[in-house]
Amino acid sequence: MAKKAKKLWLSSSGKQSKPTVPDTDKQLIEQKCNELIETEFNPKYIESPPTDPDFNYRTDIFGKWYRNYFYFCSTYNCPSPRAISPSFESRSARLEYVGPDCFNVAYMRHTGQWWEILHGLSLEECLSEIRNNPLLHP
């Protein structure tokens with residue numbers, strides 16, 4: 001009968017840390033994304049309250065940072081008396097800061113998971129893609 005090999009415990013190198021976004025880059029990215037939201041998305045996607053109170057409607061589109069991700073978010077109002085909450089927030093697109101002027105773009109799937117579709121784009125390319133790709137719209 002053959003002998004079993006001994007199991008060895010080895011340390012792993014661990015996960016690589018994600019790059020932190022410099023404050024100057026953070027402000028520039030936020031400014032350009034907010035311009036896109038104000039000029040393109042708000043006029044197109046902000047809705048007036050529906051006549052039927054059972055339907056939710058979008059009241060605000062905004063962007064926010066979390067770690068090295070910039071999210072495009074929407075606020076929805078729920079006028080129904082059966083609503084769990086009077087409003088809720090939903091995220092539609094995400095820019096991941098990978099390096100200086102290098103981003104990955106993802107969208108929120110119907111499963112509630114982020115799906116990365118573009119890699120290594122500049123900020124201008126990302127904004128153009130978000131403007132033109134319906135998957136990334138709020």
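# Close-up views of the sheet and its helices

Five of the seven residues of strand 4 are buried, so this strand is largely enclosed by the rest of the structure. Buried here means under 20% relative accessible area, exposed means over 50%, and partly exposed lies in between (1.4 Å probe, protein chains only). Helices (H or I, at least four residues) and strands (E, at least two) are DSSP runs numbered from the N terminus. The model is predicted, with local features requiring pLDDT of at least 70 and side-chain atom pairs counting only at pLDDT 80 or more, while totals for chains, interfaces and linings use all residues. Residues are numbered from 1 along each chain as its sequence is written, and side-chain values use heavy atoms, with hydrogens and water left out.

**View A. Five strands form an open antiparallel sheet in the order 1-2-3-4-5.** Strand 1 (57-66) and strand 5 (114-121) are the edge strands; each has a single partner strand, so one side of each is left without a neighbour in the sheet. From one strand to the next, the twist averages 20°. Two strands are taken as paired if DSSP finds at least two bridges between them. Strands of a sheet pair through backbone hydrogen bonds, either parallel or antiparallel.

**View B. Strand 2 (residues 69-77) and strand 3 (residues 87-99) run antiparallel and are joined by nine bridges.** Y76 stands opposite F88 in strand 3. F70 has L95, also in strand 3, as its bridge partner.

**View C. Strand 3 pairs with strand 4 in the antiparallel sense over six bridges.** The bridge partner of E96 is N104 in strand 4, and that of G99 is C102 in strand 4. The hairpin of these strands has two residues between them, and D101 takes a positive phi near 50°.

**View D. Strand 4 and strand 5 run antiparallel, joined by five bridges.** V105 has L118 of strand 5 as its bridge partner. Five residues lie between the two strands of this hairpin, and in the turn G112 has a positive phi of about 85°.

**View E. M108 belongs to strand 4.** M108 is partly exposed, at a relative accessible area of 28%. Residues up to four places away in sequence aside, M108 touches R91, S92, Q113 and W114, where contact means heavy atoms within 4.5 Å. The C-alpha atoms of M108 and R94 are 8.1 Å apart, with 14 residues separating the two along the chain.

**View F. Helix 1 (residues 23-45) lies across strand 1, strand 2, strand 3 and strand 4 (102-108).** Helix 1 runs at about 170° to strand 1. Axes are lines fitted to C-alpha atoms, for helices over the stretch in contact, and angles run from 0 to 180 degrees between N-to-C directions.

**View G. Helix 2 (residues 123-132) lies across strand 2, strand 3, strand 4 and strand 5.** Helix 2 runs at about 140° to strand 5. L123, C126, L127 and I130 of helix 2 are buried. These residues cover an arc of only 95° around the axis, which puts them on the same side of helix 2; the arc is that of the directions from the helix axis to the C-beta atoms. The buried residues of helix 2 pack against helix 1, strand 2, strand 3, strand 4 and strand 5.

**View H. The largest nonpolar core has 23 residues, of which I29, C33, F41, F72, L95, F103 and I130 touch the most other members.** At least two residues of this core come from each of helix 1, strand 1, strand 2, strand 3, strand 4 and helix 2. Helix 1 gives the most, with six residues. A nonpolar core is a set of buried Ala, Val, Leu, Ile, Met, Phe, Trp, Tyr and Cys residues joined through side-chain atoms within 4.5 Å. Residues up to four places away in sequence not counted, F103 touches I29, L95, E96, Y97, V98, L118, H119, G120, L121, S122, L123 and C126.

**View I. K18 is found in the segment before helix 1.** K18 is partly exposed, with a relative accessible area of 47%. Apart from its neighbours within four places in sequence, K18 is in contact with N68, Y69 and E96. The C-alpha atoms of K18 and V98 are separated by 7.5 Å, although these residues are 80 residues apart along the chain.
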